[in-house]
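Hi there,

Here is the structure I promised to pass on to you.

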Amino acid sequence: MTSKEIAELNEQRFQTAFTVWELSHYTDKKSYQKMFSSMLFASKNMIKKEASKKGIYIDVEGKAIDLTSLIFERDIVSHHKRPQKLSSYLYLPMLGIVYGHQLQFEEKCSSYESAVSKTERNIVFTEELSEEEVIAELKTNPIYIKNSKIYTTEEIQDPDFIFKAEGWFD
């Protein structure tokens, strides 16, 4: 299956979930989560493509969550806007997330030690677990770190959890 076919399937998944969510008068939690995860998937792919095209390092996970949270809360949840096509709808906000002046400044300010600690996932190895055991655990149960908070892969798929973690609402 090509990446274009995968993107089309993801688009269909989003549109179907939006229709179900709309028909349930915006109360169906399952379709709500499917929309979020589909938008997050599209965001990740767009940011990865932009980064590889420009040959730059970007925290893809973090930027994708920022983009998805922004668009999902601002347009989908608040105004019930239906994007005709996810990639088109996300493109300009993605550019703002990736290339915004404040974000460029913050990226320049992060130190080499910070970049190294992110690749090591800020794990403190204790005597209780060996380094191999920690690495094996991370392979089976991956995590995502943002602003010194650790999230599991399952948690970053839940929009309500991300919105609360990002401080969007209590």
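**The chain as a whole**

Please keep in mind that this is a predicted model. Following the sequence, the order is α-α-α-α-α-α-α-β-β-α. The chain has 170 residues, and 32% of them count as buried. Taking contacts between residues at least 6 apart in sequence, 63% link residues at least 24 apart.

**α1 against α2**

I began with helix α1, residues 3-23, and helix α2, residues 29-54. Their axes are 8 Å apart and the packing angle is about 150 degrees. Angles over 145 degrees count as roughly antiparallel, and α1 and α2 are therefore roughly antiparallel to each other. Their crossing is left-handed.

On the α1 side, the contact is made by I6, N10, R13, F14, A17, F18, V20 and W21. These meet S31, Y32, K34, M35, S37, S38, M39, F41 and A42 of α2. By type, the residues of this α1 and α2 contact are 11 nonpolar, four polar and two charged.

S31, which sits in helix α2, is worth a click. Its relative accessibility is 3%, so S31 counts as buried. Setting aside neighbours within four places in sequence, S31 is in contact with A17, V20 and W21. S31 and T16 are 15 residues apart in sequence, with 8.3 Å between their C-alpha atoms.

**α2 against α4**

How do α2 and α4 pack, in angle and in axis distance? The angle is about 55 degrees, and the axes lie 10 Å apart. These two helices are therefore oblique to each other, and α2 passes α4 in a right-handed crossing.

From α2, the residues taking part are S38, M39, A42, S43, M46, I47, E50 and K54. From α4, they are L86, S87, L90, Y91, M94, L95, V98 and Y99. The contact of α2 with α4 divides into 11 nonpolar, three polar and two charged residues.

If you compare the two lists for α2, you will find S38, M39 and A42 in the contact with α1 and also in the contact with α4.

**The nonpolar core**

The largest nonpolar core holds 27 residues, and the members that touch the most others are M35, M39, I47, F72 and I76. At least two residues of this core come from each of α1, α2, α3 (60-79) and α4 (86-99). Which helix gives the most to this core? That is α2, with nine residues.

Apart from neighbours within four places in sequence, M39 is in contact with F14, T68, I71, F72, I76, L86 and L90. F14 belongs to the α1 side of the contact with α2, while L86 and L90 belong to the α4 side of its contact with α2.

T68, another partner of M39, is found in helix α3. Is T68 buried or exposed? At 0% relative accessibility, T68 counts as buried. Not counting residues up to four places away in sequence, T68 touches F36, M39, L40, S43 and E73.

Q33 has its place in helix α2. With a relative accessible area of 29%, Q33 is partly exposed. Q33 and D158 are 125 residues apart along the chain, yet their C-alpha atoms are separated by 6.2 Å.

**Two backbone points to look at**

Most residues other than glycine have a negative phi.

- Y26 is not a glycine, but has a positive phi of about 65 degrees. Y26 lies in the loop between α1 and α2 and is partly exposed, with a relative accessible area of 33%.
- H80 is not a glycine either, and has a positive phi of about 55 degrees. H80 lies in the loop between α3 and α4 and is partly exposed, with a relative accessible area of 28%.

Over to you, and happy viewing!

Best wishes

Note on methods:
Residues are numbered from 1 along each chain as its sequence is written. This is a predicted model: local features need pLDDT of at least 70, side-chain atom pairs count only at pLDDT 80 or more; totals for chains, interfaces and linings use all residues. Side-chain values use heavy atoms; hydrogens and water are left out. Axes are lines fitted to C-alpha atoms, for helices over the stretch in contact, and angles run from 0 to 180 degrees between N-to-C directions. Helices (H or I, at least four residues) and strands (E, at least two) are DSSP runs, numbered from the N terminus. Angles under 35 degrees count as roughly parallel, over 145 as roughly antiparallel, 65 to 115 as roughly perpendicular and the rest as oblique. A crossing is left-handed if the near helix is turned anticlockwise from the far one by less than a right angle, and right-handed if clockwise. Contact means heavy atoms within 4.5 Å. Ala, Val, Leu, Ile, Met, Phe, Trp, Tyr, Cys and Pro count as nonpolar, Asp, Glu, Lys and Arg as charged, and the others, Gly among them, as polar. A nonpolar core is a set of buried Ala, Val, Leu, Ile, Met, Phe, Trp, Tyr and Cys residues joined through side-chain atoms within 4.5 Å. Buried means under 20% relative accessible area, exposed over 50%, partly exposed in between (1.4 Å probe, protein chains only).
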